[in-house]
Amino acid sequence: MDDTATFEINPPVDAEMGKRLAAIQALGHPYLVAEQDGVVAGYAYASTFRSRAAFYRTLEDSVYVDVLKRGRGTGRALLGALIKHAAEGGFMQMIAVIGDSRSRDVSIAVHNAVGFIEAGRLTQVGQKHGQLLDITLMQRDLSAI
């Protein structure tokens, strides 16, 4: 995990990813996988934004595209489908927490392309590989879909 797009320090093992998938599906939240030529090109899911009951109609998105599959529209397609599933599920808002926003112009652009707006930036809230990292917060209203 040399990259700073995720704030994971160590790559999660398959069992951990399975637990995360099961937890998201148990809540009825969408978890999508994109394949290209029979190989996983990326995945996206929406999870609970905050655990307090008042946030029950707000989700946080996560989108990951294989480094070798980037630049083909996979992230945008996954995010667009995720938004549609969330809106159809009765959710009202989706939040993006984009890690290391200083070098994540592509992630910000993809979110902008599907209707997210920048809601703020938190500076030096993460640390990885000896670097202090920012995050960009973006928001998408799902009620108009």
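**The model.** I keep in mind that this is a predicted model, so I turned to the confidence values next. The mean pLDDT of the protein chain is 89, and 92% of its residues reach 70 or more. Among the elements, helix α1 (residues 14-26) has the lowest mean pLDDT, at 89, whereas helix α2 (residues 74-88) has the highest, at 96.

**The hairpin.** Going back to β1 and β2, I noted that they form a hairpin with 2 residues between them, and that D37 in the turn has a positive phi of about 55°. When I asked which residue of β2 is the bridge partner of L32, I found A44.

**Further along the sheet.** I then followed β2 to strand β3 (residues 58-65), with which β2 pairs in the antiparallel sense over 7 bridges. Here Y43 has Y64 in β3 as its bridge partner.

**The whole sheet.** What is the order of the strands in the sheet? I read it as β1-β2-β3-β4-β6-β5, an open sheet of 6 strands with mixed pairing. The edge strands are β1 and β5 (117-128), each of which pairs on one side only. From one strand to the next, the twist averages 25°. I also checked β5 against strand β6 (residues 131-141), and these two pair in the antiparallel sense over 8 bridges, with K128 standing opposite Q131 in β6. Helix α1 packs on the sheet and touches β1 and β2, while its direction makes about 50° with that of β2.

**The chain as a whole.** I listed the secondary structure as 3 helices and 6 strands, which follow the pattern α-β-β-β-α-β-α-β-β when read along the sequence. Why does a radius of gyration of 15 Å agree with a compact globule? With 145 residues, such a globule would have a radius of gyration near 15 Å, and the protein chain has 15 Å. Along its principal axes, the C-alpha trace spans about 40 × 40 × 30 Å.

Of the contacts with a separation of 6 or more, 57% come from residues 24 or more positions apart. The accessible surface of the protein chain comes to about 8,500 Å², and 53% of this surface belongs to carbon and sulfur atoms.

Definitions and conventions
Residues numbered from 1 in each chain as written. Predicted model: local features only at pLDDT ≥ 70, side-chain atom pairs only at ≥ 80, totals over all residues. Heavy atoms only, no water. Pairing = 2+ DSSP bridges. Helix = DSSP H or I, 4+ residues; strand = E, 2+ residues; numbered from the N terminus. pLDDT = per-residue confidence, 0-100. Axes fitted to C-alpha atoms, helices over the stretch in contact; angles between N-to-C directions. Contact = heavy atoms within 4.5 Å. Rg over C-alpha atoms; globule rule 2.2 N^0.38 Å. Areas by Shrake-Rupley, 256 points an atom, 1.4 Å probe, with all protein chains shown as cover.
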